[in-house]
Amino acid sequence: MADSLKTFDVSIRGKNNVAYDYRDVISSSGDFRRLEGINVLINSIRNLLITPLGSYPFNPLYGSLLYKKVFEPLDQQSIDEIQYECRDRIVQFDSRVNIESVFVDPLRNNKGVTVSVKINRGEESGE
């Protein structure tokens, strides 16, 4: 029994000072996909930014207003507002990371954008 608990501690809960999470994507082995390190923070930020503000019942301030930009004209003001919204929400809800840059890249047909947020935590960085 003690060996099973030790295995659980290491493989499921994680180790001290190491962040673990599971993503709702099933791997080829049939398990949930395990995330470690900076990927946990990237997943957390992705969830924050794609959640409409006010839709989470236990914390109505969680989420972002990016969904309101879906049908807005793609001009410099909209790009600036998307960058601001990303920075503001991440700073407000995730103090575990430093934001290096937020880059908004319009698609070729100007009917959408790709948002890249470059973050770091200590010596780890990710996008």
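Helices (H or I, at least four residues) and strands (E, at least two) are DSSP runs, numbered from the N terminus. These close-ups come from a predicted model, in which local features need pLDDT of at least 70 and side-chain atom pairs count only at pLDDT 80 or more, while totals for chains, interfaces and linings use all residues. Residues are numbered from 1 along each chain as its sequence is written, and side-chain values use heavy atoms, with hydrogens and water left out.

View 1. The chain's average pLDDT (the predictor's confidence in each residue, from 0 to 100) is 80, and 79% of the residues score at least 70. Where pLDDT is low, the predicted coordinates should not be read in detail.

**View 2. The open sheet of three strands.** The strand order is S3-S4-S5, and the pairing is antiparallel; two strands pair if DSSP finds at least two bridges between them. Strand S3 (98-106) and strand S5 (124-126) sit at the edges with a single partner strand each, so one side of each has no neighbour in the sheet. From one strand to the next, the twist averages 10 degrees (angles run from 0 to 180 degrees between N-to-C directions, and axes are lines fitted to C-alpha atoms, for helices over the stretch in contact). Strand S4 (residues 113-121) is joined to S5 by three bridges. Look for asparagine 120, whose bridge partner in S5 is serine 125.

**View 3. Helices H2 and H3 on the sheet.** Helix H2 (residues 38-50) touches S4 and S5, and its direction makes about 140 degrees with that of S4. H3 touches S3 and S4, with its direction at about 150 degrees to that of S3.

**View 4. Where H2 meets H3.** The two helices pack at an angle of about 120 degrees, and their axes are 10 Å apart. H2 and H3 are therefore oblique to each other (under 35 degrees counts as roughly parallel, over 145 as roughly antiparallel, 65 to 115 as roughly perpendicular and the rest as oblique). Ile45, Leu48 and Leu49 in H2 meet Cys86, Arg89, Ile90 and Phe93 in H3; contact means heavy atoms within 4.5 Å.

**View 5. Arginine 89 in helix H3.** Is arginine 89 buried or exposed? Arginine 89 counts as buried because its relative accessibility is 9% (buried means under 20% relative accessible area, exposed over 50%, partly exposed in between, with a 1.4 Å probe and protein chains only). Setting aside neighbours within four places in sequence, arginine 89 contacts Leu48, Leu49, Leu53, Leu61, Gly63, Ser64 and Leu65.
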